[in-house]
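Work through the exercises below with the sequence and the model open. Each task is followed by a solution in steps.

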Amino acid sequence: MRSEGGIEGQEIPNGITRFSPEARKAIEESSWPILTLTGRSIRDLRQSDIRIVPEWPDQNYLETLPSRKSEVAIQWRSLENSFNKPMSQQQKLVERYSARLSEKIPDAEAIIGEAPDYLELGSLYIQRFGVPLFEYKTTLIPAFPNFLSRLRYKTHMYTRTATPVNSPRGSFVAVVSYFNEAHRLDGWPKEQDLHICGVTPLIVPRQG
């Protein structure tokens, strides 16, 4: 079946890989948002007045790393039970999630994306829904009495990416967040857990 000049589920002439009709129908029936990543680099995003604050030095090579050119869907802002775990465990969670997803939608799979994927996705999410993808309002201390638990503040979460960052201290990967009206790009040890670092699987068309 053809759509927009190409075969669904494969890369089409404009370079964007799209979901098959069957996958799109299943995703839409599940009310998961579908957004289109367009191969924009972090530099491209900055030049379009999207605020991206680097919090990690000597990462200039990331500026030209492009996002994927593909439709993506997301079910979770962060995968359940993915916080406070090293990346190896988060990868296994995403692999299990992808296997379950493929039982429902054979033409789709779930992956951990690269840093520019999440930065472009975050900006698209704000444009569509008016709220950041990686920022939450959370109760300060849930165990406090009711009148105190109503006190709320904005906190940010990180999502782990598959993008390595330069560090003399070992194996680090990029993490992406949103805080104080800006997208933020930071680095964190690959195998070190962090209570505000989860993982956001990208649902993408299955290739091959």
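**Exercise 1.** Which residues does valine 175 touch, not counting residues up to four places away in sequence?

Solution. Contact means heavy atoms within 4.5 Å. By that criterion, valine 175 touches Tyr158, Thr159, Arg160, Thr161, Arg184, Leu185, Asp186, Gly187, Trp188 and Cys197. The model is predicted: local features need pLDDT of at least 70, side-chain atom pairs count only at pLDDT 80 or more, and totals for chains, interfaces and linings use all residues. Residues are numbered from 1 along each chain as its sequence is written, and side-chain values use heavy atoms, with hydrogens and water left out.

**Exercise 2.** Which residues are linked with Glu71 in a network of salt bridges?

Solution. A salt bridge is a side-chain nitrogen of Lys or Arg within 4 Å of a carboxyl oxygen of Asp or Glu. Arginine 18 meets glutamate 71 at 3.2 Å, N to O. Arginine 24 meets glutamate 71 at 2.3 Å, N to O. The network links Arg18, Arg24, Glu28 and Glu71. Glutamate 71 is buried because its relative accessibility is 4%, whereas arginine 24, at 25%, is partly exposed.

Note on methods: Buried < 20%, exposed > 50% of the residue type's maximum accessible area, 1.4 Å probe, protein only.
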